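Biologist: I am new to this structure and would like to go through its charged side chains with you, one question at a time.

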There are 2 protein chains.
Amino acid sequence: MINPILSPVHTSSRDDAVLNALVDFVASEGLKPGDRLPTERVLSEYLKVSRTTVREALTRWQELGLVERRQGSGTYLRAAVTRNMLHMPLTLPSGNDFGSLMHTLEIRRGLEAEAAVLCAERASDEDIAFIEQKLIRMEAAFHEREGMSSEEDWDFHLAVFRTSGNPLFEQIIAAMYEMFHRFWEHPLGVRDFGHASFPYHRTLFNCIAARDPVGARAEALKLIATVEDDLRRGAANLKKQSKT
Amino acid sequence: MINPILSPVHTSSRDDAVLNALVDFVASEGLKPGDRLPTERVLSEYLKVSRTTVREALTRWQELGLVERRQGSGTYLRAAVTRNMLHMPLTLPSGNDFGSLMHTLEIRRGLEAEAAVLCAERASDEDIAFIEQKLIRMEAAFHEREGMSSEEDWDFHLAVFRTSGNPLFEQIIAAMYEMFHRFWEHPLGVRDFGHASFPYHRTLFNCIAARDPVGARAEALKLIATVEDDLRRGAANLKKQSKT
DNA sequence: GCGCCTAATTGGTTGGACCATTGTGCCAAT
DNA sequence: ATTGGCACAATGGTCCAACCAATTAGGCGC
């Protein structure tokens with residue numbers, strides 16, 4: 001019954017009218033992320049609505065991360081906007097406990113496995129060469145710094161997601177990834193966090209290169225499993241520390 | 001009362017202060033989703049901020065789907081709220097072409113299978129009884145109206161997702177579900193849309209009741225497969241029609 | 001008891017005012 | 001000529017008081 005998304009189209013709402021007009025404006029002016037929007041007062045006058053209404057509309061975009069406001073400076077675009085965007089506000093209660101972090105991994109488990117399957121099914125030769133390049137770069141960074149490199153690691157996975165041909169994978173998993181790392185920059189004092197996942201990157205790639213969807217799923221699952229394991233170890237670590 | 005803990009971050013924003021106070025109020029009153037919040041004017045007076053500020057704060061919660069406003073009636077809680085909630089709003093460009101629709105199904109394939117697994121692993125006896133009740137209701141609606149009922153069908157799946165213990169499943173899948181149905185209330189002229197998925201609801205339930213995660217995954221995948229098939233038939237239908 | 005109508009309540013909108021922060025450009029001191 | 005500080009204008013943030021629009025509750029007549 002409580003559907004977090006469904007919001008009967010309030011076409012009569014002034015806010016939506018303002019936002020739609022703003023989408024058109026952004027499109028007609030060719031504004032890109034980082035560019036400044038007109039001031040609230042200007043929008044208010046131009047759209048023939050009160051400044052309060054403009055503010056309410058901008059507040060909504062701000063909450064969705066589409067826009068950033070800087071007092072004294074202006075309002076700046078942060079992402080591409082289009083009409084009929086689908087907004088998907090994900091909410092986790094109390095985001096920094098063990099359970100919530102595990103929840104993000106459960107989502108990744110389902111999605112990364114599926115993405116690996118699709119990637120293995122659809123990858124062209126060029127795609128595979130590109131992914132291999134990312135893999136080699138990741139491995140090099142691993143040996144250089146003697147540990148996982150978040151950036152190169154992410155680039156590799158990103159290449160896999162994009163090859164799946166479905167942009168939703170990248171966006172949703174990226175959100176999970178950010179949720180996970182927001183509180184665990186140095187997760188729970190586990191020094192070699194992510195270390196165990198290293199070998200599975202290559203085995204995953206091998207399955208993709210061999211167009212083996214079943215194997216790719218298996219390797220992706222193993223990879224996630226190591227992360228889950230790290231998280232469990234970290235949680236145990238924390239428990240032990242709090243006892244002393 | 002406000003937590004005696006030293007306020008970690010002196011909230012620079014009035015909005016956040018209002019929302020934090022509101023979280024405490026909801027907690028102290030034991031309000032649940034569906035309950036009514038105090039009116040904006042009351043909050044304004046009690047919190048010693050202007051009604052404008054209260055409105056801006058509530059607008060943010062509304063955009064996150066935490067709260068619903070009804071003019072002339074009041075503001076109602078839609079989800080549990082806590083301090084330190086983690087918000088991750090995603091905005092997806094929603095297309096209404098065949099490819100985009102299929103993309104939502106690929107996401108659902110990965111997530112519904114995973115949710116079914118977790119549900120089968122974690123369901124208590126009460127959970128199973130509740131899910132069965134939803135199943136029976138869905139089957140009754142099916143036979144009554146001789147076709148799938150979106151509402152009862154969704155209720156059944158919802159029960160499964162919630163039993164998984166991970167709120168993200170419901171949120172993400174609901175977004176996919178809405179994206180799918182936004183343009184295809186009567187998808188592509190396929191009259192018996194969803195018809196083929198009917199039997200798999202019970203087989204899925206049986207696996208869950210038997211605590212068989214592997215079987216549950218298989219049945220969930222079959223269920224999604226029928227929807228994908230319907231979509232393909234619809235697309236073919238449309239193609240044929242446009243030719244004439 | 002039933003149905004309609006009125007009045008109070010509540011969110012939505014408006015206009016105007018002022019505050020806090022930021023950016024800019026001028027001006028003086030070096 | 002460069003640099004530093006200062007005044008001022010622009011911009012988002014907050015406030016107030018009133019009115020609009022939808023909803024709800026209560027009372028009135030039947």
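Biologist: Is Arg55(A) buried, partly exposed or exposed?

Modeller: This is a predicted model, in which local features need pLDDT of at least 70, side-chain atom pairs count only at pLDDT 80 or more, and totals for chains, interfaces and linings use all residues. Residues are numbered from 1 along each chain as its sequence is written, chains are lettered from A and ligands numbered from 1 in the order in which they are written, and side-chain values use heavy atoms, leaving out hydrogens and water. Buried means under 20% relative accessible area, exposed over 50% and partly exposed in between, with a 1.4 Å probe and protein chains only. Because the relative accessible area of Arg55(A) is 26%, Arg55(A) counts as partly exposed.

Biologist: Which residue meets Arg55(A) in a salt bridge at 3.1 Å, N to O?

Modeller: A salt bridge is a side-chain nitrogen of Lys or Arg within 4 Å of a carboxyl oxygen of Asp or Glu. The pair crosses between chains, reaching Arg55(A) in helix α3 of chain A from helix α3 (residues 51–63) of chain B, where helices are DSSP runs of H or I with at least four residues, numbered from the N terminus. The partner is buried, at 14% relative accessible area, and its name is Glu56(B).

Biologist: How many residues apart in sequence are the parts that Glu114(A) and Arg217(A) tie together?

Modeller: Glu114(A) and Arg217(A) form a salt bridge, with their closest N and O atoms 3.0 Å apart. Because Glu114(A) lies in helix α4 (residues 98–122) and Arg217(A) in helix α9 (residues 213–243), both of chain A, the separation is 103 residues.

Methods:
Helices (H or I, at least four residues) and strands (E, at least two) are DSSP runs, numbered from the N terminus.
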